[in-house]
Amino acid sequence: MNRRLSTALTAICAIGLTTPALSAEICGIEATASNGGMLVQTGNFSAECMPKGKCSISLSSVDDVSIALERASVSGSWLALVTSTYSIDSGAGFDLIFDGDDETRIAPDFLIAAEDMKSVRIDDDVSDIVLTTMLESKTMNATVQLIGGKRVVHDISLGDLPAARKWVDCAQAQ
């Protein structure tokens, strides 16, 4: 991360987060301290980067089911991740609809579930395809099924995603 981010993080650690959140301009956007890293809001999305580490973009949260993109390093692959306070039925796959067109199904073979089934990520190659399609689309409808049959539907406007990704690219490269 850049010097301003390092300075802000050092100051936050030194004062123990007892004062209001510090902020600094990072890659052209006002960022605030969050969980040891920096957080920005770019339109509908929040993006967070940890110093010399993982960055994520929160896409949607509905009924305790969240969808995000994350990347471990600037040279790493983006991963699509679904997390929940409930167990996710990865065997049902995920259904995605971009710009109201035909349904795209992410088959269970391409999903990697945590042992507790509360987080499921899409494998690297399919995540790359999903991200490319998201960046080319205006909307995405994502359906996630939980153990027990409940289906959680996310309607996501994707217009601000390129700006969030651009910020992460810049912040992670510094």
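## Strands β8 and β9

L96 stands opposite T104 in β9. Strand β8 (residues 94–98) pairs with β9 in the antiparallel sense, over four bridges; pairing takes at least two DSSP bridges between two strands. Helices (H or I, at least four residues) and strands (E, at least two) are DSSP runs, numbered from the N terminus.

This is a predicted model: local features need pLDDT of at least 70, side-chain atom pairs count only at pLDDT 80 or more, and totals for chains, interfaces and linings use all residues. Residues are numbered from 1 along each chain as its sequence is written, and side-chain values use heavy atoms, without hydrogens and water.

## The sheet

The order of this open sheet of four strands is β9-β8-β12-β13, with antiparallel pairing. At the edges stand β9 (103–106) and β13 (151–157), each with a single partner strand, so one side of each has no neighbour in the sheet.

## Helix α2

In α2, V126, S127, V130, L131 and M134 are buried (under 20% relative accessible area, 1.4 Å probe, protein chains only; exposed is over 50%, partly exposed in between). They cover an arc of only 135 degrees around the axis, which puts them on the same side of α2. The arc is taken from the directions from the helix axis to the C-beta atoms. Exposed D125, I129 and E136 sit on the face turned away from the buried side.

## Around S34

S34 is found in strand β2 (residues 29–34). S34 is buried, at a relative accessible area of 15%. Leaving aside neighbours within four places in sequence, S34 is in contact with L39 and E48 (heavy atoms within 4.5 Å).
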